[in-house]
Amino acid sequence: MKTDKKPEKNKNLIEKYTLKEKLLMSGLTSLAVSFMFILFGCIDIYANNMLEFAFTFSDIIGPVLLVFFAVWAALFAILMIFNKGLLNIFTAFIYGLIISSYADGFLSDKALVTSGDVNAMTMLEYNRMLIIYVAFSAGFAILSIILKNNWKKVVVFLSVLLIGMNGASLVSDVATKKLFSDNDINCEYVLSNKGLDTVSGDENIIYILFDRFDTNYYDEVIEKYPGYFDDLEGFTLYHGATPVYTRTYPAAAYMISGVPYKAEVAPTEFFDKAYGESQFLKDLKSNGYNINIFADRYYEYNDAKSLIGIADNVESVSSYSTNKTEIIKYLSKLSLSRSFRVYLMKTMYRNANHGVVSTLSNLNCESGTYQDNDAQYYKTIQQNPLTVGNSNKNYTFIYLHGSHTPHILDENCEISENADEISQTVGAFKIVKEYLNQLKALGVYDNSTIIIAADHGSPRQETSDYIEQSEELGNLGQTACIFFKPKNAENKTLQISEAEVSTDNIIPTIVQDAQLQTDYDYGKSLFDIKEGESNPRYFYQSIYDINKRKLCFNVYEIKGNAHDISNWEKIDFIKSEYQWY
């Protein structure tokens with residue numbers, strides 16, 4: 001007998017979403033992603049790092065909104081293509097990754113602490129992070145299959161939660177960071193290129209800071225290129241020298257000024273203190289020296305107005321221009337990198353040696369702003385060789401990107417995709433050799449005091465004790481190169497010394513070799529410390545306060561050969577109320 005009864009719907013199959021349900025799921029998911037990573041992410045990064053960026057909030061808000069809507073629309077269109085299980089799995093994968101990033105950051109306590117090195121994580125940390133991402137993503141995908149049509153309720157909940165959390169932070173940024181009222185570039189003066197190609201025909205002090213020149217890099221270079229440094233006529237390499245700090249801030253400002261930093265003031269105030277109170281810079285001036293300091297913004301100085309009356313290459317900012325496309329690309333990368341730290345380490349710093357200022361905006365002054373672009377500087381010094389100026393006495397400080405990541409230079413100081421720490425060091429050192437050869441050609445080499453020194457060595461993790469990391473990292477970062485040539489040195493090839501010295505001894509050496517007239521006691525010079533003589537040194541490891549995000553210091557005393565970590569002892573911890581820098 002026939003019946004008109006229709007077969008029951010198989011309840012194990014997911015029903016097709018209605019258009020209204022698809023619009024809801026696709027619209028909220030795309031809104032949550034674009035809001036979190038574009039609108040909130042870009043504005044939050046700018047709001048909390050305004051001093052680093054040489055552009056204003058009004059410069060970026062239009063492009064940020066445009067990209068926010070574009071990403072929202074594009075992702076929305078893609079999601080609307082899917083239905084049934086595919087839409088569930090796709091959205092589950094998106095939320096799985098986002099929740100994974102929160103879990104990874106919470107469990108690691110290190111998600112935002114990196115020096116830009118690709119291998120900043122240990123293999124254990126990397127594997128743990130990978131497990132977290134796979135577990136959450138797979139778990140969410142399975143949950144979406146189990147819940148079938150009810151998965152849309154989870155999507156609505158997670159979307160509203162993410163938008164609410166990030167929206168509250170965005171409101172806080174707007175309310176507390178004065179984004180609209182403080183709408184300026186926070187920089188009135190810069191260190192320009194004025195005098196970059198000029199030396200004195202009589203008296204010169206040349207001080208080249210070669211960023212991150214770890215003595216391990218030196219050893220690797222001579223292993224691959226034996227005798228590479230032997231032509232450094234008159235120089236002595238202090239192979240066992242220790243840096244005073246582990247990061248360019250505050251090391252560079254300290255090496256320029258001689259004023260130490262112990263977290264007693266905020267970073268921007270320290271620049272004013274260091275350059276304004278520097279006895280060394282005052283003594284150079286009173287002894288008749290023309291002072292040129294070629295250093296990049298942010299880590300070396302904030303606003304060069306603190307160097308007015310000291311450095312002769314200080315110039316006012318006449319205007320600035322922005323590259324809005326590059327700004328949005330950079331801020332978006334940073335935003336994405338905060339959640340996915342593997343992406344942070346591998347891509348965030350690819351253009352770091354050009355500096356934030358030169359890739360995103362230009363601060364214009366009469367002679368051009370100095371920027372630490374080693375590849376460009378090498379071309380410049382070849383095309384515009386050094387000349388003898390009118391000054392009887394010149395003090396020249398030059399900051400080079402040196403051995404620092406990203407490794408983008410080949411041995412010829414040209415941009416290369418196949419660069420490593422050896423090619424980076426050799427390539428950047430070509431600038432030094434070219435500079436020295438030009439001093440010789442001008443006949444001023446012999447009578448010049450010349451220093452080539454690292455601000456610090458290879459980095460270590462900044463959330464744990466320096467000594468404890470030695471089992472895994474060996475002696476990376478424990479010592480950093482100091483090359484010194486006094487006036488009229490007798491040795492024709494490079495000499496090696498294992499004397500127990502540090503970057504703390506450089507300025508006293510300059511004062512002594514240049515015979516500066518001063519009543520100030522600068523302490524021991526390199527001349528005063530002989531091989532085999534005990535000389536305790538002090539080392540300040542920048543340490544990140546996870547809970548407060550503050551810059552603190554572990555303080556170590558080193559007695560004996562610094563290559564041997566057993567000669568290191570932690571003696572103090574300096575708390576700080578000032579920001580990580």
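**Strand pairing in two open sheets**

Strand 3 (residues 203-210) and strand 10 (residues 393-400) pair in the parallel sense over 8 bridges. The model is predicted, so local features need pLDDT of at least 70 and side-chain atom pairs count only at pLDDT 80 or more, whereas totals for chains, interfaces and linings use all residues. Residues are numbered from 1 along each chain as its sequence is written, and side-chain values use heavy atoms, with hydrogens and water left out.

Visitor: Why are strand 3 and strand 10 said to pair?
Guide: Two strands pair if DSSP finds at least two bridges between them, and strands 3 and 10 have 8 bridges; one of these has Leu 400 in strand 10 as the partner of Phe 210.

Visitor: What makes strand 5 and strand 13 edge strands?
Guide: In the open sheet of 7 strands, with the order 5-10-3-11-12-4-13 and mixed pairing, strand 5 (290-294) and strand 13 (495-497) each have a single partner strand, so one side of each is left without a neighbour in the sheet.

Visitor: Which strands does helix 7 lie across?
Guide: Helix 7 (residues 248-257) lies across strands 3, 5, 10 and 11, running at about 175° to strand 3, where axes are lines fitted to C-alpha atoms, for helices over the stretch in contact (heavy atoms within 4.5 Å), and angles run from 0 to 180 degrees between N-to-C directions.

Visitor: How do you know that strand 14 pairs with strand 15?
Guide: These antiparallel strands are joined by 9 bridges, and the definition asks for at least two; Tyr 544 has Leu 551 in strand 15 as its bridge partner.

Technical notes:
Helices (H or I, at least four residues) and strands (E, at least two) are DSSP runs, numbered from the N terminus.
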